[in-house]
Amino acid sequence: MSRIASIAQTLRHPSFRAGFIDMAGTSVGIGAWGLVTGVVMVKSGLTVGLALFMSLVVYAGSAQLAVIPLMSVGAPLWVIWLTASCVNLRFVIFSSMWRGYFAHLPLRQRLAVGYFSGDVIYVAFMKRFPEGRPAPEQVPYFCGAASTNWLAWQIPCIAGILLANTVPLSWGLGFAGVLALLGVLLSLLFDRATWLATGVASTAAIAAFALPLKLNILVAIAAAVAAGLLMEAVDRRRHKPTVVLLPADSVLPPEELEHLKAGDVVPLREERHP
């Protein structure tokens, strides 16, 4: 199959449309944040060409906003790199999770997954595919979500870059972007675990706000991950599976197989010795 035919097949796949629809609800918030980032890059002293290059190549709003003030004051290059690396360390966690889904893909496609990966895409993907194993519909879904997220970010960001000199700071776009991101965050809180992780991360980020190089973000991530692991361990202790004794030649009925997959049943099969 040619590359064009493969792309066309992906675009026609139902999962591509599902990814597009799932990301459409968060596009307004992402677009507002992209517009703010575009304006801030130019207002901070970057040229239009460099700002466009940064938006298209870096494609990381939090890292861009973290390093732009450092670049504008002439901070050492190692400080800029270290700050961006600290802010983006969460993608190491994301990539370890993506591996269960996309490790079988060629290197070129895995690099594309790394480029287009984002926080909201990660959450939407994990909600739809909670089990970490490959499936045919995962790549089309990721492509639909990633293309929507990329366009929702790049178009407003480029508009902010080109129109930065005509947009006054008195409009309060930064606060508008924060409100939009809060709306995105609230739409992603769907169970007790996510609420707990969000609360822990928020508390840790505020408590560690005085740390340099935006290290409070890393503290928040570590605290949220620790809280999630602790909750998972507590749930496992509360939820003890039932042990089912099976004859040596028996086969589990379909309803018992579902309980086995959910972890509710542990089969213990008898052994026969001559």
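Author: A definition to begin with. Rings of Phe, Tyr and Trp (its six-membered ring) pair if their centres lie within 6.5 Å. Planes under 30 degrees apart count as stacked, and planes over 60 count as edge-to-face. One caution: this is a predicted model.

Reader: Fine. Which residues form the one aromatic cluster?

Author: Phe91, Phe94, Trp98, Tyr101, Phe102, Tyr122, Phe125, Phe129, Tyr141 and Phe142.

Reader: And how many aromatic pairs does a search of the whole structure find?

Author: It finds 15. One of them joins tryptophan 98 and phenylalanine 125, with 5.0 Å centre to centre and 70 degrees between the planes. That pair is edge-to-face.

Reader: Where do tryptophan 98 and phenylalanine 125 lie?

Author: Tryptophan 98 is in helix α7 (residues 90-102) and phenylalanine 125 is in helix α9. The pair therefore ties together parts 27 residues apart in sequence.

Reader: Tryptophan 98 and phenylalanine 125: buried or exposed?

Author: Tryptophan 98 is buried, at 5% relative accessible area. Phenylalanine 125 is buried too, at 0%.

Reader: What about the rings of phenylalanine 129 and tyrosine 141?

Author: Their centres are 5.5 Å apart and their planes sit at 80 degrees, so this pair is edge-to-face. Phenylalanine 129 is in the loop between α9 and α10 (138-162), while tyrosine 141 is in helix α10, so the pair ties together parts 12 residues apart in sequence. Phenylalanine 129 counts as buried at 9% relative accessibility. Tyrosine 141 counts as buried at 1%.

Reader: Switching to charges. How many salt bridges does the structure hold?

Author: Two. In one, the side chains of arginine 128 and aspartate 22 meet at 3.1 Å, N to O. This pair links distant parts of the chain: arginine 128 is in helix α9 (residues 119-128), aspartate 22 is in helix α2 (residues 14-24), and they are 106 residues apart.

Reader: How accessible are arginine 128 and aspartate 22?

Author: Both come out partly exposed. Arginine 128 has a relative accessible area of 41%. For aspartate 22 the value is 32%.

Reader: And which side chains meet at 2.4 Å, N to O?

Author: Those of arginine 133 and glutamate 131, again in a salt bridge. Arginine 133 is exposed, with a relative accessible area of 53%. Glutamate 131 is partly exposed at 45%.

Reader: Now α3. How many residues does helix α3 have, and how far does it reach?

Author: Helix α3 (residues 27-43) has 17 residues. From first C-alpha to last it reaches 24 Å, close to the 24 Å expected at 1.5 Å a residue.

Reader: Is α3 mostly covered or mostly open, and which of its residues are buried?

Author: Mostly covered, with 12 of its 17 residues buried. Among them are the glycines Gly29, Gly31, Gly34 and Gly38. Trp33, Met41 and Val42 are also on the buried list.

Reader: What happens just after α3?

Author: Glycine 45 takes a positive phi there, about 115 degrees.

Reader: Which residue other than glycine has a positive phi?

Author: Tyrosine 59 is one, with phi near 50 degrees. Tyrosine 59 is found in the loop between α4 (48-57) and α5 (61-72). Tyrosine 59 is buried, with a relative accessible area of 9%.

Reader: Last one. Where does serine 85 lie?

Author: In helix α6 (residues 77-87). Serine 85 counts as partly exposed, at 39% relative accessibility. Serine 85 and alanine 63 are 22 residues apart in sequence and 8.0 Å apart in space, C-alpha to C-alpha.

Key:
Residues numbered from 1 in each chain as written. Heavy atoms only, no water. Salt bridge = Lys/Arg side-chain N within 4 Å of Asp/Glu carboxyl O. Helix = DSSP H or I, 4+ residues; strand = E, 2+ residues; numbered from the N terminus. Buried < 20%, exposed > 50% of the residue type's maximum accessible area, 1.4 Å probe, protein only. Expected span 1.5 Å × (residues − 1).
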